[in-house]
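Grab a pencil and open the structure viewer. Work through each exercise yourself before you peek at the solution.

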Amino acid sequence: MKGRIFVIGLGLIGGSLALCIKEEHSEAVVVGFDVNEEQTRLAKMIGVIDEAAHSIEAGAASADVIIIATPVTVAEQVIELLSSLPLKEDVIVTDTGSTKKTITDKAFCLAQKGICFIGGHPMAGSHKSGVSAAKKILFENAFYLLTPNETANAGEIETLKMWLQGTKAKFLTVSPEEHDYLTGVVSHFPHIIAASLVHQAASAESSSTLIGRLAAGGFRDITRIASSSPAMWRDILLLNRPVLLELLDEWQQEMSKVARLLETAAAEEIFNYFQTAKDYRDGLPTKEKGAIPAFYDLFVDVPDYPGVISEITGYLAKEEISITNIRILETREEVYGVLVISFQSDEDRARAEKCIKHYTNFEMSIG
Ligand SMILES: NC(=O)c1ccc[n+]([C@@H]2O[C@H](COP(=O)([O-])OP(=O)(O)OC[C@H]3O[C@@H](n4cnc5c(N)ncnc54)[C@H](O)[C@@H]3O)[C@@H](O)[C@H]2O)c1
Ligand SMILES: O=C(O)C(=O)C[C@]1(C(=O)O)C=C[C@@H](O)C=C1
């Protein structure tokens, strides 16, 4: 498709969307603006955008699609600014914010001027920020939630989806309220819990310095997202307060229930608590990205002998399968360790599984 796409906020998400659009629509011109000049310069240098705009006003005037990929609180200010600018008559404005209710409410100022706004949220990401972390496969197989306002018509929604086709994401239209509840449960609230677990470990460290050294395996898995941008998560929490307060209340009740099971040493109920959680977790789709899992992990049971890791990476290198991360889950006295190898796509993981099976008899699972 031909047209000018203006991306405001050239970080992980804005940068990744720009790459997807450039890949799918070679005739389009992707223009970018970031308040951080260094990000804009880098985006242009590494080919994430075709042109840099020196201001929002300059980039917006000739745009066919405007994508706001700034922090959520800034997105509201940008919407306000856009509503005061002369824009193309049939421009489509969208955003990528992790919260939707207050942003879509704000966008009524655009609707009043006859400007189409379609709220958007690609439900995949990473704990990394900035344009240098942008990649075009970030949203593959992920859900891309859309919250169009009442004035957006079906044709405009289809046009936006066509522009975003290169994300290879699955589009789903929901109301802003439903969006904030769903993402509150599967994304925002887990980030609060991850941060709280890290705080608990950090304060326990004052009584034993061994804590930090032993905090491996499971602790690292469940707290990876605590390494995300604090500014981004501050803003998300501020814009989804009612939902998160309700979820915190439910969580506290849940923890009181666990405390009662422990106090009464209710073995069977404790077993059931873990069993029902395991059943639900094991039943979650593994092919879909979204809240869980964020990466394509392959778990390989490896015997503990020197050189076993380089042996496996050697097999993968031989078949030109690139890996994004590799780590060992701590095993202490057990003879076998678990090597966790992360890949960029499901396809790479499947190729790796086949390759390792060909050269070894190591047991593997995809978690
Ligand atoms: N990181 C994720 O996992 C993820 C996933 C989906 C959606 N989101 C949402 O997408 C948005 C962007 O997140 P990100 O991870 O790309 O963050 P990021 O920090 O990587 O990028 C945000 C960019 O916006 C720029 N910016 C800030 N104020 C600006 C302004 N006034 N004008 C222009 N640029 C401005 C920043 O300089 C930065 O480069 C957020 O609203 C976030 O909630 C994030
Ligand atoms: O994988 C991660 O690091 C993420 O936290 C990604 C994640 C999520 O919670 O799933 C974070 C926020 C976004 O709004 C969407 C995706």
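**Exercise 1.** Work out how E1 and E2 run relative to each other, parallel or antiparallel, and how many bridges join them.

*Solution.* Start with the pair itself: in this predicted model, E1 and E2 run parallel, with 5 bridges between them. Next, pick out one residue: Phe6 sits opposite Val31 of E2. Now zoom out to the whole sheet, which is open, has 8 strands and mixes its pairing. Read across, the order is E3-E2-E1-E4-E5-E6-E7-E8. At the edges you find E3 (51-52) and E8 (170-173), each with a pairing on one side only.

**Exercise 2.** Check the span of helix H1 against what you'd expect from 1.5 Å a residue, then decide how covered the helix is.

*Solution.* First the span. Now the cover. A residue counts as buried if 20 or more other C-beta atoms lie within 10 Å of its own. By that test, 10 of the 13 residues of H1 are buried, so the helix is mostly covered. Among them are Leu12, Ile13, Leu17 and Ile21. What does the covering? The list includes strands E1 (4-8), E2 (29-33), E4 (65-68) and E6, plus helices H2 (37-45) and H7 (154-163).

**Exercise 3.** Describe the shell around ligand 1: how many residues surround it, and which are the closest?

*Solution.* Count first: 30 residues surround ligand 1, and the closest are Gly9, Gly11, Ile13, Ser98 and Gly125. Then sort the shell by type, which gives 14 nonpolar, 15 polar and 1 charged. Next, ask where the residues come from. H1 (12-24), H4 (72-82), E6 (116-122) and H11 (230-239) each supply at least two. Finally, look at the domains: domain 1 (4-174) and domain 2 (179-282) each give at least three residues to the shell.

**Exercise 4.** Sort the residues of strand E9 into a covered face and an uncovered one.

*Solution.* Now apply it to E9 (296-303). The covered face holds Tyr296, Leu298, Val300 and Val302, while Asp297, Phe299, Asp301 and Pro303 make up the uncovered one. Then find the partner strand: E9 pairs with E12 (364-365) in the antiparallel sense, over 2 bridges. Val300 has Met364 as its bridge partner there.

Terms used. Residues are numbered from 1 along each chain as its sequence is written. Chains are lettered from A and ligands numbered from 1 in the order in which they are written. This is a predicted model: local features need pLDDT of at least 70, side-chain atom pairs count only at pLDDT 80 or more; totals for chains, interfaces and linings use all residues. A residue is near a molecule or strand if its C-beta atom, placed from the backbone, lies within 6 Å of it. Helices (H or I, at least four residues) and strands (E, at least two) are DSSP runs, numbered from the N terminus. Ala, Val, Leu, Ile, Met, Phe, Trp, Tyr, Cys and Pro count as nonpolar, Asp, Glu, Lys and Arg as charged, and the others, Gly among them, as polar. Domain bounds come from an automatic or database domain assignment. The expected span of a helix is 1.5 Å times one less than its number of residues. A residue is buried if 20 or more other C-beta atoms lie within 10 Å of its own, exposed if 12 or fewer, and partly exposed in between; C-beta atoms are placed from the backbone. Two residues are in contact if their C-beta atoms, placed from the backbone, lie within 7 Å. Two strands pair if DSSP finds at least two bridges between them.
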